[in-house]
Amino acid sequence: METTRDPEIILPRIRRGSKAFDDENLDLLSHLLDDFIRIPGTSIRFGLDGIVGFIPGVGDAIGGIASCVIIIAAWVRGVSYVTLARMLVNWGIEVLLGMVPVLGNLFDIGWKANRRNYALLTGSLADPQGVRRRSWLFLAGLCVVLAAMLVLPMLVFGWMMAHLLNGIAIR
């Protein structure tokens, strides 16, 4: 007698971790990392990411790893790739500039990449076309700024060399 087995059903990626990656948990995570504590008498807020950043060597790595949860949740929930790229840029700016001692921690407190990324995630789910368009504009602007940072020193160097050689030729 033949026995039949039911096939294994693998759920789509949007279902996996849906409880861990729901809006309430991600909002709480971004709040804890970026603006959990308020300095009394001011409007300055910071979170665990700003505090952990003061631990030499590993603080920024721990904060960067915790920040990846929101980006992974965005990927699982089906956010567009351009918006994910923008989220990675926000994360990268925070991690790279956060590595600078003391000033980097102050930058972390002001930049709030986790709150930005959470806003991108929720906005992308509510208005995917609008967030996608703004993400393309942001990334295009970033490319223009990076290209200017590359070309401008070369132009200044060329101008200085032209004037230096012109000064030598006159004598």
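Which residues of the largest nonpolar core touch the most other members? They are F21, L26, A74, V79, L84, M87 and L121, out of 14 residues in that core. A nonpolar core here is a set of buried Ala, Val, Leu, Ile, Met, Phe, Trp, Tyr and Cys residues joined through side-chain atoms within 4.5 Å. Helix 3 (59-76), helix 4 (81-98) and helix 6 each supply at least two residues of this core. Helix 3 gives the most, with five residues.

This is a predicted model: local features need pLDDT of at least 70, side-chain atom pairs count only at pLDDT 80 or more, and totals for chains, interfaces and linings use all residues. Residues are numbered from 1 along each chain as its sequence is written, and side-chain values use heavy atoms, with hydrogens and water left out. Helices (H or I, at least four residues) and strands (E, at least two) are DSSP runs, numbered from the N terminus.

**Helix packing**

Two packed helices are described by the angle between their axes and the distance between the axes. Axes are lines fitted to C-alpha atoms, for helices over the stretch in contact, and angles run from 0 to 180 degrees between N-to-C directions.

| Helix pair | Axes come within | Crossing angle |
|---|---|---|
| helix 4 and helix 5 | 8 Å | roughly 155° |
| helix 6 and helix 7 | 5 Å | roughly 130° |

The axes of helix 4 and helix 5 cross at roughly 155°, which makes helix 4 roughly antiparallel to helix 5. Angles under 35 degrees count as roughly parallel, over 145 as roughly antiparallel, 65 to 115 as roughly perpendicular and the rest as oblique. From helix 4, N90, I93, E94, L97 and G98 meet G104, N105, F107, D108 and W111 of helix 5. Contact means heavy atoms within 4.5 Å.

The axes of helix 6 and helix 7 (residues 128-170) cross at roughly 130°, so helix 6 is oblique to helix 7. Helix 6 brings L120, G123, S124, L125 and A126 to the contact, and helix 7 brings P128, V131 and S135.

Helix 5 (residues 103-111) has G104, N105, D108, I109 and W111 as its buried residues. Buried means under 20% relative accessible area, exposed over 50%, partly exposed in between (1.4 Å probe, protein chains only). Their cover includes strand 2 (45-46), helix 2 (48-52), helix 3, helix 4 and helix 6. Just after helix 5, K112 takes a positive phi of about 50°.

N117 lies in helix 6 (residues 113-126). N117 is buried, with a relative accessible area of 1%. Leaving aside neighbours within four places in sequence, N117 is in contact with I70, I71, M87, N90 and W91.
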